Structures are given as structure tokens and as C-alpha cells.
Amino acid sequence: MLRLLQIEFQKLWLNKTSKILLLISFIFPLSILILSSIKINFFGYFTLDLSETKIFEFPYIWHITTFFIAGFKFFFAIVVVSMIGNEYSNRTLKQNLIDGLSKKEVILSKFYFILAYSLVITLVVFIITLTIGVLNTPSQDLYIDTIFSGSEFILAYFVKLLTFFSFCLFVGVLIKRSAFALGFLFISFILELILYGLFRFEWYNYDVSNQVMQFFPFTSMWNLIDEPATRIVALHNPSDMVVTDYPAYWYEFLIAGVWIFIYIFLSYRLLKRRDL
Amino acid sequence: METILTLQNLSKKFGLIKAVQNLSFTIEKGNVYGILGPNGSGKSTTLGMVLNVVNKTSGNFHWFDGKVAVHNALKKVGAIIERPNFYPYMSAYDNLKLVCKIKNVPTDRIDEKLELVGLLERKYSSFKTFSLGMKQRLAIASALLNDPEILILDEPTNGLDPQGIHQIREIIKKIAAKGTTILLASHLLDEVEKVCSHVVILRKGEKIYSGRVDEMVASQGFFELKTDQENQLLSYLQNNNSFGKIKRQDGLITAFLTAPMNAADFNQQMFKEGIVLSHLVQRKESLEEQFLILTKNQSN
């Protein structure tokens, strides 16, 4: 496993584009640290102080950071897609196989790298969130159980990333060319959105559409960390309570897990059946 | 003798096209093999199958004693297929380091191999700055990193300039001299003739010959002769059972032998007959001529 990781790391780290994208994907989450401490004064009229909204306090902070930082996953998605695309365009995939890497090891080396990346970035996000939370929560509320209440979103974040990158890997293997693969990702996202719209507004209702669509690739990822906006609104106006279904449930993890398995397995099968 | 590679009825179909049909042969340790055949005869497909990049349709092959998985056996093989494939953004050294990782061998032989192919001073240049000849030499260095049991080369001189071709051939000869088993696929017959002891000849995916180069055609060779007494010589040759076909072209007489004969004995005989030869060469058919004879026989 370590050998495969080292192989993949060398391939990516020595490539300037991948290296920059990797670095960016680590730097951006840090920006939320700055955002949390900022107080913008609009020409003396009013002061925008995000920390007053309570979103930087436990337990909400777990939800907020994981939701927004997940948006930065696209930087690494480009890396994942191109790590397959480049192997094809440089014909190095063929050479790797000739040199004695098996097709299984090729897929595993990519998957291990995705796994390692997701773990490390999750750890970074965990530390950032913890820091922001501790700094913003009134000190009388800082008990261990308040701090870690809602921290299941960290796990949800990790699984969400892993599912998404596994999907990218599969699409990369399927399409072989980075640019087309990224296009395919985008189009499949749009298509699923349209499908969701049709289910919800044309064919059935809210409940049925959610029940069916939760099994679809993008929705299954989305469900892991539901959007936090309504929850925050509800926090400030408890009177007009909107029913929100924000927690991450076990079956949502299961669905995502099954997808990860399908993506990786299909990538392997696809590669195995191909003549290079 | 130790067997390195065994093929049994190996076949590959691409849709309706039969790229390789029922191919069987074995590669023994210590010999230099050539796979010959025109473009599209299935050479690269065959190599692709044994190198784990092309899936076989039917048949079998195994490396060494057949007890190790193909990808692990390939760690003991060095192979270059058609074009040198490396990561363009990495230096020669980093590329070779990666190959070492894949093959599970220590990185301390990199310098030695770069030296062998004359690229040591370009160790830290990135691959994309290399000329085709240099890329091909780097590929050879990479194939040698594990001190392989067998070196497989597929059209190693394709697209190179004469100087590059010469360099590659010199390197191959150096490697062959060390006793490494080599399998060389090429459509350039003189290339194979210069280095190989054994050949496998393919045509349209079928094997038409495999064995030693010098046993390819059952032939005793021929004499090329010149003399001022042509008529005398011709009548002598025609009346001698040791000679079969006799050709006369531009004053050069070619007499094909039907039984073994030594040039010195023949010369002595000529002297007795009172024929003075101004030119006497004993030759065997070149590989190219043999190849043409063989492919012609097959098509009849």
C-alpha cells in the first residue's frame, strides 16, 4: 500500500499543475478562518460581523464549515480526473503495466491516494473547525459534549469527498480524456438536477422525489451534508420553524459507501477489459 | 535448458480480424530471438498479450515456470514497446526512480544504466527536452534497471536517424554479449540478422517458421563465380550433380549447391579442369532472401 501511494504521489507532486491544485485545495479551507474573524465596517452605516449570527459557534460550526469547504473539492477533482487522463495521453499507463504494475494496482494506487488525500484534508478541516468553534463560542458553553456535538458532519464530509473523488476516478477511467471527463461530470450533475426537478415538480411530490433521488450519485453525496441555510434561519426565528432534515443518517452513509464500491469496482473492470 | 516464456495456441481477435492465430513457441534462456514479419502481422499484439496490456482471446502463455502472476513475472522482464513512454514533466532520473518503485528494485543502479546508454550528463533534464534517440535510449536504460532475465524490444530503431539506429544497435550488442536473453521484434531483416540466433516468423497472425536463423531454409548455399571461360564453366556445372539451378546475370554465374561443398575443394577442381576463376564467393541466402522464399512457399 505504501509503495502504491509513493508511486502515485511522485506522479502528482512532480507535475506542476497537480501540485498547484493540491496546494490550493489545502489553502482555501483556511480562508474560512479569516472569514470567521472578520468584521466589515460599511462606511460607518453598519458593521457586518458574521460571528454575531452564531454560525461560528458549536454545534453549528461543524455543519457550516464542512458544507462550505466541500465546495472546494473541485480543485482536487481536476487532479483526480487528470491523473487518469495524463496516463492515457502520455501512454504511461501502458508502460506502467509493462513494467510490472497490475491493472488492479493501477486503480488501487489512485484510490489509495484519494483516500489519503481525503483523510488529510478532513483532518485539516477538523482542526480549522475546532479552532473557529473554540474561539467563537462563549467560554461558559465550552464543554466537551457541546464541542463535539454535531461533529458527525466531519465524518459525513470525509465520506462525501471520498464518494465524489471515486466518482471522478471512474469517469476519468471511462472517458480517458481529462477535459471531456470534467465536461461529463458537469453534464451528469445538470442532468441529475433536471431529473430531480422533474420528479419533484412534474411527476411526484417532495417526499417521493427525495425517496427515489437519494439513491442517485449526486443527491446521495448532497444528502450527507444538507444545506445549512434553513437551519440557521430557523435558529434565529424559532417562530416560523421550517421542517429541515439536516442530520446525516446511517443509511445515507451506506448509500454513499455502496457508490464508492461501485465506482472503484467498475473502474477496475473497465480497465481490465481494455486493450491498451 | 531454462525456459523463459512459453506460448500455447495464443490467439487474439479484434472484432472479426484475427490478429494472432494459434501461436505457439518457447523462448529459452541465453538466446537472442527475433520476431519477424511485415507490418500488421501480429508482432506487437503478441508482445502486448504476454506483457499484460492486451487481453488474449484464447490460448495460454506463461512466464518462467508459470507459478508467478504475470505482473510479478514482468518485474523480472525489461520491455520497450514501439514508442518510449515516460512522464514528460519528470527528469530522466525521476522517471527511472518511478520505474524502480514499480519493479521493486533499489534505485542505486540508475546511474550505471544511464551511463550505459550515454545519458548520465542529462540525468536531471526533463524528459520532454529529449530527442527521439535519447528517449529511446532512456527506455532501454529503464528496461535494464532490474537486470532483467529477458529484454524485449519492439521496433527499437523505428523512426531514428542512422546515428541513432547505430547507437541502439551497439547497445543491444553490448547487452547480448553479457548473455541476456533478448527478444527483438522488427520488420527490418538486416537488423534481426545482425543480432539474432533464433527467429519466429509471422505472417497475417500465423507462425510460418520458428527455429535457428541458419536452418530456416533447407539450403546448402551457393557459389558466385566469374571467369573468362564461361562456356567451359557452364558445361562443367551443368554436368555435375552437386549443382542444381544455375543462373547467369551480367557475367556473374550463380550456382546453387545441392550437396555440401567447400570453396577450396571447388577451386582445386576448377584448376584441374583448367578453368581460372577471377571471382569465387561461397554464400548462404541472406535472411531477406530466405524470408522471401519462405513467405512465397507459404502462399503457394
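How many of the seven residues of strand β13 (residues 277–283) of chain B are buried? Select the strand and look. The number is zero, so β13(B) lies largely in the open. Keep in mind throughout that this is a predicted model.

**Stop 1: the partner of β13(B)**

Six bridges join β10(B) to β13(B), and the two strands run antiparallel.

**Stop 2: chain B as a whole**

Chain B carries 10 helices and 13 strands. Its C-alpha trace spans about 70 × 45 × 35 Å along the principal axes. Of its 300 residues, 37% count as buried. Now consider contacts in chain B between residues at least 6 apart in sequence: 70% of these join residues at least 24 apart.

**Stop 3: the six-stranded sheet**

Colour the strands β5, β6, β7, β3, β8 and β9 of chain B. They form an open sheet in the order β5-β6-β7-β3-β8-β9, with mixed pairing. Go to the edges next. These are β5 (77–81) and β9 (206–212) of chain B, each pairing on one side only. Direction ignored, neighbouring strands of this sheet are turned by 10° against each other on average.

Strand β6 (residues 150–154) of chain B runs parallel to β5(B), and five bridges join the two. Pick B:I80: its bridge partner in β6(B) is B:L153.

**Stop 4**

Show helix α5 (residues 132–144) of chain B. It lies across β5 and β6 of chain B, running at about 160° to β5(B).

Then show helix α6 (residues 162–177) of chain B. Which way does α5(B) lie relative to α6(B), roughly parallel or roughly perpendicular? The two helices pack at an angle of about 10°, with their axes 10 Å apart. That makes α5(B) roughly parallel to α6(B). Show side chains at the contact. From α5(B) come B:G133, B:Q136, B:R137 and B:I140; from α6(B) come B:G164, B:Q167, B:I168 and B:I171. By class, these residues divide into three nonpolar, four polar and one charged.

**Stop 5: a glycine in a loop**

Centre on B:G40. It sits in the loop between β3 (32–36) and α1 (43–50) of chain B. Is B:G40 buried or partly exposed? With 15 other C-beta atoms within 10 Å, B:G40 is partly exposed. Draw a distance to B:R203. The C-alpha atoms of B:G40 and B:R203 are separated by 8.3 Å, although the residues are 163 apart along the chain.

**Stop 6: across to chain A**

Display both chains and select their contact. It takes 23 residues from chain A and 24 residues from chain B. On the chain A side, α1 (2–13) and α5 (92–99) each supply at least two residues. The largest share of that side, seven residues, comes from α5(A). By class, the side of chain A that touches chain B has six nonpolar, nine polar and eight charged residues.

**Stop 7: α1 and α6 of chain A**

From α1(A), select A:L4, A:L5, A:I7, A:E8 and A:F9. Their counterparts in α6(A) include A:L108, A:Y112, A:F113 and A:A116. By class, this contact has eight nonpolar, one polar and three charged residues.

**Stop 8: α8 and α9 of chain A**

Select helix α8 (residues 152–175) and helix α9 (residues 178–203) of chain A. The axes come within 9 Å and cross at roughly 125°. α8(A) and α9(A) are therefore oblique to each other. Their crossing is right-handed. A:C168, A:V171, A:G172 and A:I175 in α8(A) meet A:F180, A:A181, A:F184 and A:L185 in α9(A). The contact has seven nonpolar, one polar and no charged residues.

**Stop 9: a covered helix**

Finish at helix α11 (residues 217–224) of chain A. Which residues of α11(A) are buried? They are A:F218, A:S220, A:M221, A:N223 and A:L224.

Conventions:
Residues numbered from 1 in each chain as written. Chains lettered and ligands numbered in written order. Predicted model: local features only at pLDDT ≥ 70, side-chain atom pairs only at ≥ 80, totals over all residues. Contact = placed C-beta atoms within 7 Å. Helix = DSSP H or I, 4+ residues; strand = E, 2+ residues; numbered from the N terminus. Nonpolar A, V, L, I, M, F, W, Y, C, P; charged D, E, K, R; others polar. Axes fitted to C-alpha atoms, helices over the stretch in contact; angles between N-to-C directions. Parallel < 35°, antiparallel > 145°, perpendicular 65-115°, else oblique. Left-handed = near helix turned anticlockwise from the far one by under 90°. Buried ≥ 20, exposed ≤ 12 C-beta atoms within 10 Å, placed from the backbone. Pairing = 2+ DSSP bridges.
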